Each structure stands twice: as structure tokens, then as C-alpha cells.
Amino acid sequence: MASDPCLGMLGLARRAGKLAFGDELVRQLCADHKARCVLVAADAGESTAKKAAMYAERANVPCITLPHGKEALGAAIGKNGCAVCALSDIGMAAAAIGKLAATHTQYETVAAQLSEKNVRIQSRRGKKKPRDRETQAKTDEKPSGPAKPQRRTDERRRTASQHSGNGSGHFRKTGTSSRPTAQHKPTKNPRAKRVFHTKSPRSKAER
């Protein structure tokens, strides 16, 4: 039984993280509506089989009783024993049941349903990609917004520099004095003017 293609596909799904095994994990996967099919071992208990069928019915997925026992199913997925498991990938589920239907004709109907569902889901995925690309292309074509002209930025800097300088309009420069060179006008000394126009007593004596 170890060389069965269906069991080999289940082992591949286990390594890929697409297989849930055990009652609790299968129940959670079906509750999240992520299960694609539920598989039950041929020698599983009656209560386990009923629970698996109930989980599959809630998730609206097929519940399949395998022709292999718990030991063979557990050995395929790397466990000591497994009574129930569920696949979360539609492609792997269709492939596993398709390989099972190749040797057991009673699974042909379920295999056809899963195969049809796989084609339908893959076609939907294929249609989404062009939409995303067109949306991305339209987004890229839209202008990001008018860029601020550099001239306004320069005018603002110039105005700020003028306000920070002195009243004469000279700009501050790094390493130099900001004060302009003072232009001193000659002041008139009233005392010197009086001395210039007044005749000294010495000049009277000379006369």
C-alpha cells in the first residue's frame, strides 16, 4: 500500500502544509471553509466517521472513505496512525482522488467533481491577474500631483533672508560681518566756526 499514488500525493500535501490530520485540525479547517475534501480511513471508528461526515457537510465538501486503514494512512503522512485528514488545496485534492479513481472505479464521480471544481477555480485565478495588472497600469499612469515650482521656494528663502538682515538690505554672509560699512559725514563744530570768524586781540595790536 505504501506505493499507492494516492497515499504518495497525501504525503506530498503533508510536506507542503496543505494537509490537516486529526479530529481537531480537520474540524477547524472545515469551520474556516478552507477544506477541499475530507478523507477517512477504512477502519476508523463509527463516531469518527460520523464527525468527519458532519464537518464535510458543513464545509460543503465531499467526505471520502479511503480503501486504506489508519496505519497505511499514518505511514503515508509520517504519523503512527491517522483516522481522518483533510486537504486544503484543490489541485492536490483533485490529483489525489483522480489517482485513487484510476484503480478504484467507485471514486470516479467524486474525482470528476473535484477536477471540474479545480478547473473552475484555476480559471477564476487566471482572470484576476489581468485585472490587477490593468489596475496597476492605470495607477502608474496617473500623475502623482503638480510639483511645486522651484521659483517660489527661492523667493521664500530670499524674503526670509531679507527679514533677518539689517535695514539697509545687506545680506548676512558666513564668516563676514553683517553690518555695512559706515559712511561718516563731517560734523560741523560750532566752536571752530566761532574761532574762524572772530578776530584775535593779537591782530589788533599789530594794526
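Reader: Of the contacts with a separation of 6 or more, what share comes from residues 24 or more positions apart?
Author: In this predicted model, residues 24 or more positions apart account for 72% of the contacts in the protein that have a separation of 6 or more.

Reader: And how much of the protein is buried?
Author: Of the 207 residues in the protein, 24% are buried.

Reader: Which elements are there, and how do they run from the N terminus?
Author: The protein has 9 helices and 4 strands, and from the N terminus on these elements run α-β-α-β-α-β-α-β-α-α-α-α-α.

Reader: Let's take helix 2 and helix 3, then. How do their axes cross?
Author: The axes of helix 2, residues 23-31, and helix 3, residues 46-59, come within 9 Å and cross at roughly 15°. The two helices are therefore roughly parallel to each other, and their crossing is left-handed.

Reader: Which residues make that contact?
Author: On the side of helix 2 the contact is made by Asp23, Val26, Arg27 and Cys30, while helix 3 contributes Lys51, Tyr55, Ala56 and Ala59. Sorted by class, the residues of this contact are 5 nonpolar, no polar and 3 charged.

Reader: What about helix 1 and helix 4, how do those axes meet?
Author: The axes of helix 1, residues 5-15, and helix 4, residues 70-77, come within 7 Å and cross at roughly 45°, which makes helix 1 oblique to helix 4. The crossing in which helix 1 passes helix 4 is right-handed.

Reader: Who meets whom there?
Author: Leu7, Leu10, Gly11 and Arg14 of helix 1 meet Ala72, Leu73, Ala76 and Ile77 of helix 4. By class, the contact of helix 1 with helix 4 consists of 6 nonpolar, 1 polar and 1 charged residues.

Reader: Switching topic: how many salt bridges does a search of the whole structure find?
Author: A search of the whole structure finds 2 salt bridges. In one of them, glutamate 24 pairs with arginine 27, and the closest N and O atoms are 2.6 Å apart.

Reader: How are glutamate 24 and arginine 27 placed in helix 2?
Author: They are 3 residues apart in helix 2, so about one helical turn separates glutamate 24 from arginine 27. Arginine 27 is also among the residues of helix 2 that make the contact with helix 3.

Reader: Why does glutamate 24 count as partly exposed?
Author: Glutamate 24 counts as partly exposed because its relative accessibility is 47%, a value between the cut-offs of 20% for buried and 50% for exposed. Arginine 27 is partly exposed as well, with a relative accessible area of 30%.

Reader: And the side chains of glutamate 46 and lysine 50, what do they form?
Author: The side chains of glutamate 46 and lysine 50 meet in a salt bridge, at 3.5 Å from N to O. Both residues lie in helix 3, where they are 4 residues apart, about one turn of the helix. Glutamate 46 counts as exposed at 61% relative accessibility, and lysine 50 counts as exposed at 55%.

Reader: One more: where does lysine 117 lie?
Author: Lysine 117 lies in helix 6, residues 108-141, and counts as partly exposed at 23% relative accessibility.

Reader: What does lysine 117 touch, leaving out residues up to four places away in sequence?
Author: With those residues not counted, lysine 117 touches Arg36 and Ile90. Lysine 117 and arginine 36 are 81 residues apart along the chain, and their C-alpha atoms are separated by 9.7 Å.

Terms used. Residues are numbered from 1 along each chain as its sequence is written. This is a predicted model: local features need pLDDT of at least 70, side-chain atom pairs count only at pLDDT 80 or more; totals for chains, interfaces and linings use all residues. Side-chain values use heavy atoms; hydrogens and water are left out. Axes are lines fitted to C-alpha atoms, for helices over the stretch in contact, and angles run from 0 to 180 degrees between N-to-C directions. Angles under 35 degrees count as roughly parallel, over 145 as roughly antiparallel, 65 to 115 as roughly perpendicular and the rest as oblique. A crossing is left-handed if the near helix is turned anticlockwise from the far one by less than a right angle, and right-handed if clockwise. Contact means heavy atoms within 4.5 Å. Ala, Val, Leu, Ile, Met, Phe, Trp, Tyr, Cys and Pro count as nonpolar, Asp, Glu, Lys and Arg as charged, and the others, Gly among them, as polar. A salt bridge is a side-chain nitrogen of Lys or Arg within 4 Å of a carboxyl oxygen of Asp or Glu. Buried means under 20% relative accessible area, exposed over 50%, partly exposed in between (1.4 Å probe, protein chains only).
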